[in-house]
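The sequence and the structure are shown first.

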Amino acid sequence: MTDARLYRRHRFPPDVIAHAVWLYFRFPLSLRMVEDLLAERGIIVSHQTVRAWAEKFGREFAKTIRRRSAGKFGDKWHLHEVVISIGGRKHWLWRAVDQEGFVLDVLVQARRDRRAALRVMRRLLTRQGHPPRVLVTDKLRSYPAAKRQIMPGVEHRSHKGLNNRAENSHHSTRRRERVMKRFKSARQLQRFASFHDPIANLFHLPRHEMTSADFRELRAAAMDAWRDIAQLEAT
């Protein structure tokens, strides 16, 4: 059932707001693209309104998904960092995924050294509540230096070819970077990734490992979960 407090003082009904947020975070669409898709259905809102919805409700939905997902991820962590240019300066987007490709956490930092790697690992341990069975990274020397300090007993596999899963996890951010014509600030990037990745986890279905019938069933279950998270009336 819809929580009146969540959507209080909003002129549009909850299903319209939730659908706009779903479109923005589920697909590589700009705010103006979402505005046009809604307009095609006769829903006239500005892209500024879509932005406000994405920030407010994206935060709430991502928080709920993270809470429901606690303790359900795999014990093999893949860490990788990718450079993002913001205002002519390099920033590093650090992302951790498990062996199934579910995103564990994401963190934007200005550095790519031992201290930055240590901060990522500490944040992961705090949020996951336990160390991994195996840690997989590329050959960046900051990783083993940080791991020795905070997770000395964890097996560490350092090889570029083993970390394709983490490298591929950055593709969604790269696509959105192109649509948005670059991120404007590190804060904007952190905010977007923090909202986007939990929502992407909800719809992450390894289609190559299941039949079409199973895929359709899991996709329907994901949509049902989304409606529950968005506090919408059952259809």
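The expected span of a helix is 1.5 Å times one less than its number of residues. Helices (H or I, at least four residues) and strands (E, at least two) are DSSP runs, numbered from the N terminus. The structure is a predicted model, in which local features need pLDDT of at least 70 and side-chain atom pairs count only at pLDDT 80 or more, while totals for chains, interfaces and linings use all residues. Residues are numbered from 1 along each chain as its sequence is written, and side-chain values use heavy atoms, with hydrogens and water left out.

Helix 4 covers residues 114-128, and its 15 residues should span 21 Å at 1.5 Å a residue; the end C-alpha atoms are 21 Å apart, which agrees. Helix 8 has 17 residues. The table sets out the spans.

| Helix | Residues | Expected span | Span between end C-alpha atoms |
|---|---|---|---|
| Helix 8 | 17 residues | 24 Å | 25 Å |

A residue is called buried under 20% relative accessible area, exposed over 50%, and partly exposed in between (1.4 Å probe, protein chains only). In helix 4, the buried residues are A116, A117, L118, V120, M121, L124 and Q128. Contact means heavy atoms within 4.5 Å. The buried residues of helix 4 pack against strand 1, strand 2 (89-97), strand 3, strand 4 (134-137) and helix 5 (142-150). Just after helix 4, G129 takes a positive phi of about 85°.

S194 has its place in helix 8. With a relative accessible area of 16%, S194 is buried. Not counting residues up to four places away in sequence, S194 touches A62, R66 and V106.

**Nonpolar cores**

A nonpolar core is a set of buried Ala, Val, Leu, Ile, Met, Phe, Trp, Tyr and Cys residues joined through side-chain atoms within 4.5 Å. The largest such core has 45 residues, and Y7, W53 and F61 touch the most other members. The elements giving two or more residues to this core include helix 1 (14-26), helix 3 (47-69), strand 1 (76-86) and helix 8 (186-202). Helix 1 provides the largest share, 9 residues. Leaving aside neighbours within four places in sequence, W53 is in contact with H10, F12, V16, I17, A20, V21, L38, V45 and G58. A second, separate core of 19 residues includes L79, W94, L107 and L124.

**Cavity and pocket**

On a 1 Å grid over the protein atoms alone, a cavity is a set of points where a 1.4 Å probe fits but cannot get out, and a pocket is an open set with protein on both sides within 12 Å along at least five of seven lines; lining residues have an atom within 4 Å of a point. Grid points are joined across faces, edges and corners, and a volume is the space filled by probe spheres set on the points.

The structure holds 1 cavity of 30 Å³ or more. The largest cavity has a volume of about 40 Å³ and is lined by W94, R95, A96, D105, V106, L107, V120 and R123. Strand 2, strand 3 and helix 4 are the elements that give two or more residues to this lining.

The largest pocket holds about 630 Å³ of space. Of the 23 residues lining this pocket, S172, R175, H196, A200 and H204 lie nearest its centre. Helix 8 gives the largest share of the lining, 5 residues.
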